[in-house]
Amino acid sequence: MDGLDYKIIGDLDVLTINRFIDHSKQIKKGDVFVSETNNRSFIEEAIQHEAIAILTSFFIQDCIVPQIIIPADMYLMKDRIAYMTYELYGKQIKTVGITGTNGKTTVATFVGQLLMQQNKSVCVIGTLGVFVNGKKIEQNFRNNTTLPFYDFIQVVKYCSDHHVEFIVLEASSQGLLDNRLGSYPIDIGVFLNIGKDHLEFHGGMVPYKKSKELLISLAKQLVVNDNDEWCRTVAQKAYLPVIRFGEKQTNDVIYSKENYTTEIVSYELIVRGKKLRVKMRNNGHYNGMNLAAAVATLLALDFPCEEIQPVKLPAGRLERIPNSRGIEVLIDYAHTPDALEACLSTIVSYAKKNVYVVFGCGGNRDKQKRKWMGEVATSYATIAIVTSDNPRNEHPEDIIADIVKDLDRRKVLIETDRREAIRLALSIGKNGDVVLIAGKGHEQEQIMNGLVVPFSDHQVVLSYFEELGGSMTKNDPVA
């Protein structure tokens, strides 16, 4: 706090500080609770959990523990905590930050797998949680794509204690705008693409782009998608070393082609003149680009890319649910027009029969994309079943009406109840058909009427087939 405007009320001389924590439920004995809002109930809960002091920008009346009051310089305090965390724990750990409208989770997962193929210890932080070497760390971290700042520095300390060599994290536009990484240095900043999402939060495309570009100021080197105009602009104005991936022959990693069969796709990349082939389940052109992004990141980290083993998509990304009914059932997190089009175009490229898609749009979010989602769905699918997807405080019927307003109603079915919509799609589907359930992917909850209720697309599918006696498990010899 040297040089900052601060005041201490109470006796801090005899205290040994364990951690800085800004979530009252995470507080343990010896922690300092960082209170950025004057919420008395949170402060009292932190004290009940034995916080030894409160770090805040305002005076707290009748506080029974010492107060560290920084009225104007809290952001500088956060920067200093980020710097000290890096100096003490993070300096020996290479950090990769990945931003983009679509593909962050997949690319982060791919990078983690490629690093593990190099026998490196790696932590992946993102939408699915915190994973070290593929195993989820079950601690009381919050459920954000980009972890809140004080959660993030805990993860850095954990990685240091467990000799982790790399951290790969998803850097969302909201996370960057909220300063969740503080001034923590990022070795490689990866820019994937820009699309239409979260515009209601940012107020338009220009501020949305600027939020993502905040990653530039933290990064020492960039990896950019040369196919994307915005990414090319980022590279031009960053004045940092850049590794480029894309389809142009001038790129460091060239996405050359893919050879499809019904089940398998062989991706071909050219890495600085050398061909690299990777076989995967048939996951489409866009996942070939995600693979190229991961290989380019490995190149930026100075690893050889002469040979890599197949990689797997993360949970809820074109995830196949086996069944004995002959229907290909896929669950995907796609909740933007670009992501939904990427999934459906992949499916249509190999589907021999009908394609059905179940999807909705979130409530209290960007209303413009509802029309686009509907147009994409009906352009590719035989039938689009429009339903709820986190309606929040809006009426599901109103959201659905926005989606279907200008669509060809001969290609649309409406079922407000998401569980019933999924069951409807599965009941219509026949042997050889494909059913895509889009929007929630790995998520385990539905948000409606101010409540968060348990809900899993995956579990709804399993329950449906179990009722019919048509599900397959790992123990089935034909699974």
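Ground rules first. The model is predicted: local features need pLDDT of at least 70, side-chain atom pairs count only at pLDDT 80 or more, and totals for chains, interfaces and linings use all residues. Residues are numbered from 1 along each chain as its sequence is written, and side-chain values use heavy atoms, with hydrogens and water left out.

Start with the whole chain. It has 14 helices and 24 strands. Those are DSSP runs numbered from the N terminus: H or I with at least four residues for helices, E with at least two for strands. The radius of gyration is 24 Å, close to the 23 Å that the globule rule gives for 479 residues, so the chain is as compact as a globular protein of that length. That radius is taken over C-alpha atoms, and the rule is 2.2 Å times the number of residues to the power 0.38. Along the principal axes, the C-alpha trace spans about 75 × 55 × 45 Å.

Now burial. Of the 479 residues, 56% are buried. Buried means under 20% relative accessible area, exposed means over 50%, and partly exposed is in between, with a 1.4 Å probe and protein chains only. On to contacts, meaning heavy atoms within 4.5 Å. Take those between residues at least 6 apart in sequence: 63% join residues at least 24 apart.

Next, helix pairs. Axes here are lines fitted to C-alpha atoms, for helices over the stretch in contact, and angles run from 0 to 180 degrees between N-to-C directions. Under 35 degrees counts as roughly parallel, over 145 as roughly antiparallel, 65 to 115 as roughly perpendicular, and the rest as oblique.

Pair one: H10 (residues 337-350) and H11 (368-380). Their axes come within 9 Å and cross at roughly 5°. The two are therefore roughly parallel. On the H10 side, the contact includes Leu 340, Leu 344 and Val 348; on the H11 side, Trp 372, Met 373 and Val 376 are among the partners. By class, that contact has 9 nonpolar, 1 polar and 2 charged residues. For the classes, Ala, Val, Leu, Ile, Met, Phe, Trp, Tyr, Cys and Pro are nonpolar; Asp, Glu, Lys and Arg are charged; the others, Gly among them, are polar.

Pair two: H13 (418-428) and H14 (457-468). The axes come within 10 Å and cross at roughly 50°. That makes H13 oblique to H14. Among the contact residues are Arg 418, Arg 419 and Arg 423 of H13, with Asp 457 and Glu 467 of H14. The class count is 6 nonpolar, 1 polar and 5 charged.

Is Ala 294 buried or exposed? Buried, at 0% relative accessible area. Ala 294 sits in helix H9, residues 284-300. Beyond its neighbours within four places in sequence, Ala 294 contacts Val 107, Phe 110, Val 111 and Leu 114.

Lys 367 lies in the loop between strand E19 (355-359) and H11. Lys 367 is exposed, at 53%. Leaving out residues up to four places away, Lys 367 touches Glu 394 and Asp 402. Its C-alpha is 9.0 Å from that of Ile 403, 36 residues away along the chain.
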